[in-house]
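Here's a quick tour of how this fold is put together. Have the viewer open as you read.

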Amino acid sequence: ALFPALNLGGVARSVVANAVLQNVEGERLSFVLDEEQSGLYGDEHRQRLEQALSEYFARQVEVAVEVGQLPAESPALYRLRMKAERMQGAVDELQADPNVGLLLEQFDGRLDTDSVQPLD
């Protein structure tokens, strides 16, 4: 929920999108960065995250980033899951629509599920 509110762009935003908050101890926030997405990570990204979080919370925070296997879903993985769920919902709606079924039957058609795009 916090990720979209952070003032980050470019590679720093991508790095943070692939990280998960692991621990909070006072003013220190520890993150795990997905090892598969860590190729572009450098200390300048940790510093930018630290600055963005300090601005968001209106107080100085310290950030630690460890590269490893994610203990939970990252913002990037969440976004991908939500997109897949919206896509599947759109396909399900079309497949359940009696008008679509009638058209497919009358014209001996099939639904190209790869071409379906959700309206939202």
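What follows covers the ground rules, the sheet, the helix pair and the core.

## Ground rules

This is a predicted model, where local features need pLDDT of at least 70, side-chain atom pairs count only at pLDDT 80 or more, and totals for chains, interfaces and linings use all residues. Numbering starts from 1 along each chain as its sequence is written, and side-chain values use heavy atoms, with hydrogens and water left out.

## The sheet

Three strands form an open sheet in the order β1-β2-β3, with mixed pairing. Strands (E, at least two residues) and helices (H or I, at least four) are DSSP runs numbered from the N terminus, and two strands pair if DSSP finds at least two bridges between them. β1 (19-25) and β3 (62-68) sit at the edges with a single partner strand each, so one side of each has no neighbour in the sheet.

β2 and β3 run parallel, joined by 7 bridges. Leucine 33 has valine 67 in β3 as its bridge partner.

## The helix pair

α1 and α2 pack at about 80°, axes 9 Å apart; axes are lines fitted to C-alpha atoms, for helices over the stretch in contact, and angles run from 0 to 180 degrees between N-to-C directions. The two helices, α1 and α2, are therefore roughly perpendicular (65 to 115 degrees). Val11, Ala12, Val15 and Val16 of α1 meet His45, Arg48 and Leu49 of α2, contact meaning heavy atoms within 4.5 Å.

## The core

The largest nonpolar core has 17 residues: buried (under 20% relative accessible area, 1.4 Å probe, protein chains only) Ala, Val, Leu, Ile, Met, Phe, Trp, Tyr and Cys joined through side-chain atoms within 4.5 Å. α1 gives the largest share of this core, 4 residues.

Notes
Buried < 20%, exposed > 50% of the residue type's maximum accessible area, 1.4 Å probe, protein only. Parallel < 35°, antiparallel > 145°, perpendicular 65-115°, else oblique.
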